[in-house]
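Please look at the sequence and the model shown below. The report that follows describes one chain first, then some single residues, then the arrangement of the copies.

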4 protein chains.
Amino acid sequence: MTRVDLREQVREANAALLTAGLVTLSFGNASGVDRAAGVMFIKPSGVPYDRLRAGDLVAVDLQTGASGDGSSRPSSDTPTHLALYRRYPEIGGVVHTHSSWASAWAQVGRSIPCFGTTHADHFRGPIPITRPLTEAELGASYEADTGKVVIETLDGLALAPLEMPAVLVRSHGPFTFGADANDAVANAIALEAVAAMAYRTLALEPEAGPISEALLERHFGRKHGPGAYYGQPDRDG
Amino acid sequence: MTRVDLREQVREANAALLTAGLVTLSFGNASGVDRAAGVMFIKPSGVPYDRLRAGDLVAVDLQTGASGDGSSRPSSDTPTHLALYRRYPEIGGVVHTHSSWASAWAQVGRSIPCFGTTHADHFRGPIPITRPLTEAELGASYEADTGKVVIETLDGLALAPLEMPAVLVRSHGPFTFGADANDAVANAIALEAVAAMAYRTLALEPEAGPISEALLERHFGRKHGPGAYYGQPDRDG
Amino acid sequence: MTRVDLREQVREANAALLTAGLVTLSFGNASGVDRAAGVMFIKPSGVPYDRLRAGDLVAVDLQTGASGDGSSRPSSDTPTHLALYRRYPEIGGVVHTHSSWASAWAQVGRSIPCFGTTHADHFRGPIPITRPLTEAELGASYEADTGKVVIETLDGLALAPLEMPAVLVRSHGPFTFGADANDAVANAIALEAVAAMAYRTLALEPEAGPISEALLERHFGRKHGPGAYYGQPDRDG
Amino acid sequence: MTRVDLREQVREANAALLTAGLVTLSFGNASGVDRAAGVMFIKPSGVPYDRLRAGDLVAVDLQTGASGDGSSRPSSDTPTHLALYRRYPEIGGVVHTHSSWASAWAQVGRSIPCFGTTHADHFRGPIPITRPLTEAELGASYEADTGKVVIETLDGLALAPLEMPAVLVRSHGPFTFGADANDAVANAIALEAVAAMAYRTLALEPEAGPISEALLERHFGRKHGPGAYYGQPDRDG
């Protein structure tokens, strides 16, 4: 993929956040990475999703965090995105939103149990939630520290990031990832759908329990990994 | 109806799932059957609803399950659709979704009580839910076994499939059916509306009970069967 | 207003039910009356809202209930509309829907308390709910009997119909009325908004109580009656 | 900004209330002020949002409350808007809605706790709620008295109006403010999102508590005040 194509893909990913109803005002951002060039493209801070042009995306150096392009300031969440790309080489896209259902779970401080196959089709277990940041972590490197606690949470699971491509930041909202920016958006959409269903499941039955490991593995395996048979042979996802 | 018309009808049915808000990403599919030719047309796996062309639908042999057309892989839920068409000759269309409200009930593992006339206009009693699949049924013939438990559930009722054109697969989501693909979509839409109202009914009054048999029969009979007087004389539904 | 204008107004009213999200499939209908001619215009049964043309509306004789136009069958709820027009000469339009929030209240069998000024701006007290119909009332004159219990309910209040232009039919859904068909639609929209807010009010506080009579009268009086000062002097509502 | 530009901005702000789903029928209004000229522009009463032209806005004298333009009657909430502009010179725009989630909190009579960073990004603490108006305050100067209790509530906080640009009027709905009309609309949108999330937070966990002061200050400070680093250097918000 050329740098031009990647810019266009990241623009589309940001626009898709709006179309999918995951963002309000400017609460959220999508990025994509060009590993060969060592560059991440991310939404500029505070710009409306529907007016974003590919050329408006800010190029940020993956190692230094410097934004070379000059004109625009990248999303204030840039250090969180960088931390995730640096730690997980298999990630090609990152999305952050304050989507309403997933953020309600984040505000409650609870992981989202796997109550059904919609969840299992996308996430190989409960959606984890970070610990609270300490007061020190709310300082000058707050956004990098947010990335640190997301990584701590993911590293504490016996799963690869693309097996659990979503983490709730406590009292805040979700970060999702994917093989590329579009895939990270799809995971953000799936997460929001799953968060709404899980809320309603508990409202109907406060004692509801998770599905069996066998059903979870059956569904996750239909769409992911060597035995996947969902979608067309020549494409992903 | 010619084979060309049926393809177009099934394309429209799949597109209508998106328009009606019943599907997110690619969670769901609609099919229709040509009984004379012994062929079912179904959505290809993982293809977006709004880009689907009539020619993209996959033709599947009703008896053998083989997809003759070559190019695309049919929906991974194909064996469930086939099982339903084989068992119930009066069914002309099948729909599967993970629609949010109906799936919440499926996740809770509870049938949806008939709390009002919106429900009774479409379904002649509570919407049934399947038993859980056994671990053995989660194996290689999982989707066919899903069809088997849907049939088990329907056969356990004293109702014809078009009197109860919806079943919740436990921990998963709904399958609906109809005289044709459009009718199966209409039942999926009605089910989602009914599932939302039933949730809110219980939230307002946890002890809410079902409507009387007399009211249920009055409403179901207005729209279905020999005494129906809803709609125009020259059309269905 | 000419008969042509009235047909067009009733067509718009039916289309507005769809736009406002109050109807799904074909669950609902709007009508308007020409008192001088003694004719009601109503939606034909089972026809999609967005394809309805003014000429499709069915003219029904207010006294005899006969539909003179010939071709289409009027809405199956026609006898309910007729009963309301016959009893209340000040009503010019009637709407019936199965809108989701109002129908949940109808399914619970509870009137909607006046919890705030949005409610008081449109309805001069709690939205009443009918008694259940008896088994005998579920017979051949079911729809006329539905009108009868709506009237019984309204007549039991110390309010004029345009002061309480909405009644919930128990286990069913709302009927609303107005000075004309557009006004009846506006009341159906207001009712649905109020029903949703009241549900959420009780969810946050199960012991929530109604607003004071003084606040209710202040708001209702801003928009209705001799002291109204809402809107422009040359128009209604 | 010229008077023509301000009219256009206030027209857009009113139209945005509809697009954002904050208003139903004609429940709500936006205004903007020209401090130099001492004139407020506000929506005419009862006019649909999507047909409003810039020329339809009513000019109201900030001191006298007289509407000079002649033809249209300003929103019935005009005295509330005037009271806010007179008391707080830093406010350039005011919005009133009956948005569904925020109004449910108003109907319950409870302030909205700060449960997460979406809230903290926009509001520096819980969203306050007014006391009930006394019976005397429901008289001829009801709308001015509504302004008075909003001011009483804001003045009781140790915060500037642009630090807490939203107040819930008890049993009624929200007023929001901003540096200009667009900013007041953005605050109304943020408030509605926050009100929905807070409702869901309490539904999942009735004992949920607010976020720490440190996290609140970190997020509010990212977007507001001297240390803000959100958005582009050359713009607000």
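A residue is called buried when its relative accessible area is under 20%, exposed when it is over 50%, and partly exposed in between, with a 1.4 Å probe and protein chains only. This is a predicted model, in which local features need pLDDT of at least 70, side-chain atom pairs count only at pLDDT 80 or more, and totals for chains, interfaces and linings use all residues. Residues are numbered from 1 along each chain as its sequence is written, chains are lettered from A and ligands numbered from 1 in the order in which they are written, and side-chain values use heavy atoms, with hydrogens and water left out.

**Chain A as a whole**

Helices (H or I, at least four residues) and strands (E, at least two) are DSSP runs, numbered from the N terminus. Chain A has 7 helices and 6 strands. Their order along the sequence is α-β-β-β-α-β-α-α-α-β-β-α-α. The radius of gyration of chain A is 17 Å, close to the 18 Å that the globule rule gives for 237 residues, so chain A is as compact as a globular protein of that length. Here the radius is taken over C-alpha atoms, and the rule is 2.2 Å times the number of residues to the power 0.38. The C-alpha trace of chain A spans about 55 × 50 × 30 Å along its principal axes.

Of the 237 residues in chain A, 59% count as buried. A contact means heavy atoms within 4.5 Å. Among contacts in chain A between residues at least 6 apart in sequence, 62% join residues at least 24 apart.

Chain A exposes about 8,600 Å², and carbon and sulfur atoms supply 52% of that area. Accessible areas come from the Shrake-Rupley method with a 1.4 Å probe; for residues, only the protein chains shown count as cover. The chain carries 20 positive and 27 negative side chains, and the centres of the two sets lie 2 Å apart. Lys and Arg count as positive and Asp and Glu as negative, while His and the chain ends are not counted. Each charge is placed at NZ of Lys, CZ of Arg, CG of Asp or CD of Glu.

**Single residues**

| Residue | Relative accessible area | Class |
|---|---|---|
| K223(A) | 14% | buried |
| L25(A) | 30% | partly exposed |
| S171(C) | 15% | buried |

K223(A) lies in helix α7 (residues 213–223) of chain A. Not counting residues up to four places away in sequence, K223(A) touches D121(A), H122(A), A228(A) and Y230(A). From K223(A) to A120(A) there are 103 residues in sequence, but 9.6 Å in space, C-alpha to C-alpha.

L25(A) sits in the loop between α1 (3–19) and β1 (28–34) of chain A. Its phi is positive, about 50 degrees, although L25(A) is not a glycine. S171(C) belongs to the loop between β5 (166–169) and β6 (173–178) of chain C. Phi of S171(C) is also positive, near 65 degrees, in a residue other than glycine.

**Helix α3 of chain A**

How many residues of helix α3 (residues 100–108) of chain A are buried? The count is 8 of its 9 residues, and the helix is mostly covered. Among the buried residues of α3(A) are W101(A), W105(A) and V108(A). Their cover includes β5 (166–169), β6 (173–178) and α6 (181–204) of chain A, together with α6 (181–204) of chain D. After α3(A) comes G109(A), whose phi is positive, near 80 degrees.

**The copies**

Two copies of a chain are related by a rotation about an axis and a shift along it. Copies are superposed by least squares on the C-alpha atoms of residues with pLDDT of at least 70 in both. The copies use different surfaces: 3% of the contact residues of chain D recur in chain C.

Chain A can be laid on chain D by a turn of 90 degrees and a shift of 0.0 Å along the axis, with an RMSD of 0.0 Å. Of the residues of chain A, A203(A) comes closest to the rotation axis, at 5.6 Å (C-alpha).

No contact joins chain A and chain C, and their closest C-alpha atoms lie 11 Å apart. Chain B and chain D do not touch either, with their nearest C-alpha atoms 11 Å apart.
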